[in-house]
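Hello,

My notes on its charged side-chain pairs follow below.

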Amino acid sequence: EARRLADGHAPRLDQLVLAALIEDGSYERHVRAARRRNEGRRAALLQALERHLPGAVQVEGSASGLHVVAWVPAVHQRDEIALVRLARERGVGVRPISPLYAAGDAHRRQSCAGLVLGYASLQPQAIEQGVLRLAGVVSQWQTQSATQKSP
C-alpha cells in the first residue's frame, strides 16, 4: 500500500521500451559492447600500472568489475589520505580504500596505503595519462619520505 501511495504506478513506458530492447536483442548487444569496452579499459589500466609503476603497487581485484585496488607498499596506511590528496592535486581521481573497511578491521591484510582506481568512464589515453601522473605522485612521495628520514 505504501508503494502504491508513493508512486502510484510502475513506469509503464520504461518497462515497454526495455521489453522491446530485450525482445529484439538490442539490450544484449549493448551489454556485450559495454563489456568489451570495459575489458579494454581494464587491460589499458593494468598495462599502464605495469609500465609506469612496476613493483611500486600491488594490484588486487583486476579479474572483473569497474575498478581495481592498488596497494602502495611504500606509503603507510596512515598517509593514505595525504597521498590521495596529492594525487587529486595532480589531476588523478583516486579514492582511498580505508573508508571501505570498518575501523580496525582485521580483514584488511595490508598496512600500507590502498587506492581505488576506477576506469569505466575513461578512454585508454586518459588512463595512460592518469597512471603516468600517479607514478609521479608516488615517486614524489617516496623522495619526500626518504629525505625526511635522512639525518
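Start with Arg-51. Its relative accessibility is 49%, so Arg-51 counts as partly exposed, because the exposed class begins only over 50%. Keep in mind that this is a predicted model.

Arg-51 has a partner. Its side chain forms a salt bridge with Glu-128, and the closest N and O atoms are 2.6 Å apart. Arg-51 belongs to helix H3 and Glu-128 to helix H5 (residues 124-149), so this pair ties together parts that are 77 residues apart in sequence. Glu-128 is partly exposed as well, at 21% relative accessibility. The cut-off matters here: buried means under 20%.

The count comes to 3 salt bridges. Here are the other pairs.

Glu-28 and Arg-32: this salt bridge has its closest N and O atoms 2.9 Å apart. Both residues sit in helix H3 (residues 26-52). They are 4 residues apart, about one turn of the helix. Arg-32 is partly exposed, with 36% relative accessibility.

Glu-89 and Arg-90: their side chains meet in a salt bridge at 3.8 Å, N to O. The cut-off for a salt bridge is within 4 Å, so this pair counts. Glu-89 is exposed, at 56% relative accessibility. Arg-90 is partly exposed, with a relative accessible area of 34%.

To recap helix H3: Glu-28 and Arg-32 pair inside it, while Arg-51 links it to helix H5 through Glu-128.

Best wishes

Note on methods. Residues are numbered from 1 along each chain as its sequence is written. This is a predicted model: local features need pLDDT of at least 70, side-chain atom pairs count only at pLDDT 80 or more; totals for chains, interfaces and linings use all residues. Side-chain values use heavy atoms; hydrogens and water are left out. Helices (H or I, at least four residues) and strands (E, at least two) are DSSP runs, numbered from the N terminus. Buried means under 20% relative accessible area, exposed over 50%, partly exposed in between (1.4 Å probe, protein chains only).
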